[in-house]
Amino acid sequence: MATKVKIFTLSTCSHCRATKKFLHDNGVAFDYVDVDLLQGDERQIILKEVEQYNPQRSFPTIIIGDNIIIGFKENDIKEALGL
């Protein structure tokens, strides 16, 4: 089974776009949430979830299995995915 990959992003963030492109270009299936496009309660719930992984609430926050990577760190992402 493939490692589950989830990323919390902002639609306006260049590092977030780079992360999505990198994962897509490497054929990695992933779920993502553009947090800035959410509103009201939904946004608050997701921000609380981001905070559990990343108290600074910076983006992208990338969860790969048990690994949490803050920011677009290509080598860390490759290592976590075994690429």
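Analyst: Let's start with burial: a residue is buried under 20% relative accessible area, exposed over 50%, and partly exposed in between (1.4 Å probe, protein chains only). Helices (H or I, at least four residues) and strands (E, at least two) are DSSP runs, numbered from the N terminus. This is a predicted model, where local features need pLDDT of at least 70, side-chain atom pairs count only at pLDDT 80 or more, and totals for chains, interfaces and linings use all residues. Residues are numbered from 1 along each chain as its sequence is written, and side-chain values use heavy atoms, with hydrogens and water left out.

User: Which residues of H1 are buried?

Analyst: In H1 (residues 14-25), those are Cys16, Thr19, Lys20, Phe22 and Leu23. They sit on the same side of H1 because they cover an arc of only 160 degrees around the axis, taking the directions from the helix axis to the C-beta atoms. Lys21 and His24, on the other side, are exposed.

User: What do the buried residues of H1 pack against?

Analyst: Contact means heavy atoms within 4.5 Å. Here the partners are strands S1 (5-9), S2 (31-34) and S3 (61-64), plus helix H3 (74-81).

User: In what order do the strands of the sheet come?

Analyst: Two strands pair if DSSP finds at least two bridges between them. The four strands form an open sheet, S2-S1-S3-S4, with mixed pairing. S2 and S4 (67-70) each have a single partner strand, so one side of each lacks a neighbour in the sheet. S3 and S4 run antiparallel, joined by four bridges; Thr61 has Ile70 in S4 as its bridge partner.

Definitions and conventions:
The expected span of a helix is 1.5 Å times one less than its number of residues.
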